[in-house]
Amino acid sequence: LSNSLHTNRAALFAGQNRCVFLAGNLHHSCNFGCSFRFGRQNRLQATNVAWAVGFSGRTLNNNPRKYIVSGDKKNFVWPAFLNDEIISKCKSVILTESNFDVIYLYEHGIKNVLCLFGTELSLGILNYLLRKNIDKIIVSCNNDGHGVGQEAIYKIKKKLSKYFDAKNVFIKLPTKKDFCEMNKEELQKFMDELQMQVGYEYFQY
């Protein structure tokens, strides 16, 4: 993963999908000096990246799977190599459903954010939050407006509440389907409300 999130936006390669990120060790970065191919079942594979733990891409064709994730998601703690010090300082984390949400928030100055890569709380994320002794956790998965998604969100909160004080685990969904659909004004209003609810001190980077 490049040190520049803008580089990720420009990381395109031939085919029906585009590369979003490479998940390596906590503070590891790479310069995209890698070769990729699509294996069976559209699984993204790298042929010369020994340190990577996984890859993620967004499908651009009619594939019913919106995202393709290759690797064991329980090991993903992304993008902690970029914002580990920020999270340590502010003691709060926003958990999003997709890596595009992370990039969008990061580009708008919201940096205490981690990606779930779905609607389940992985062991890697949970251990990271415990290790960092996080004070406030905000679950901000997609606002799909249907029962399955809503149920998954409350399962995440229930699981977190076994290890953290339940009153410090918040559910705050995007006002649109996801953060990427929100404009600058809508995102600012969202953050103003969140800071009032959680505490302004938890967003001082």
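Me: A residue is buried when its relative accessible area is under 20%. In this predicted model, why is Lys172 called buried?

Reply: The relative accessibility of Lys172 is 15%. The cut-off is under 20%, so Lys172 counts as buried.

Me: What makes the contact of Glu193 with Lys172 a salt bridge?

Reply: The term requires a side-chain nitrogen of Lys or Arg within 4 Å of a carboxyl oxygen of Asp or Glu. Between Glu193 and Lys172 the N to O distance is 2.9 Å, and the pair therefore meets the definition. This pair links distant parts of the chain, with Glu193 in helix α6 and Lys172 in the loop between β9 and α6, 21 residues apart.

Me: Why is Glu193 called partly exposed?

Reply: Partly exposed covers the range between the buried limit of 20% and the exposed limit of 50%. Glu193 has a relative accessibility of 34%, and therefore counts as partly exposed.

Me: How do you know that Asp84 and Lys132 form a salt bridge?

Reply: Their closest N and O atoms are 3.0 Å apart, and because the limit is 4 Å, the pair qualifies. Asp84 belongs to helix α2 and Lys132 to the loop between α4 and β8, so the bridge ties together parts that are 48 residues apart in sequence.

Me: Are Asp84 and Lys132 buried or exposed?

Reply: Asp84 has a relative accessibility of 10% and counts as buried. Lys132, with a relative accessible area of 17%, is buried as well. Each conclusion follows because the limit is 20%.

Me: How do you know that the peptide bond between Trp78 and Pro79 is cis?

Reply: Omega for the bond joining Trp78 and Pro79 is about 5°, and the bond is cis. Most peptide bonds are trans. Pro79 lies in the loop between β5 and α2.

Definitions and conventions: Residues numbered from 1 in each chain as written. Predicted model: local features only at pLDDT ≥ 70, side-chain atom pairs only at ≥ 80, totals over all residues. Heavy atoms only, no water. Helix = DSSP H or I, 4+ residues; strand = E, 2+ residues; numbered from the N terminus. Buried < 20%, exposed > 50% of the residue type's maximum accessible area, 1.4 Å probe, protein only.
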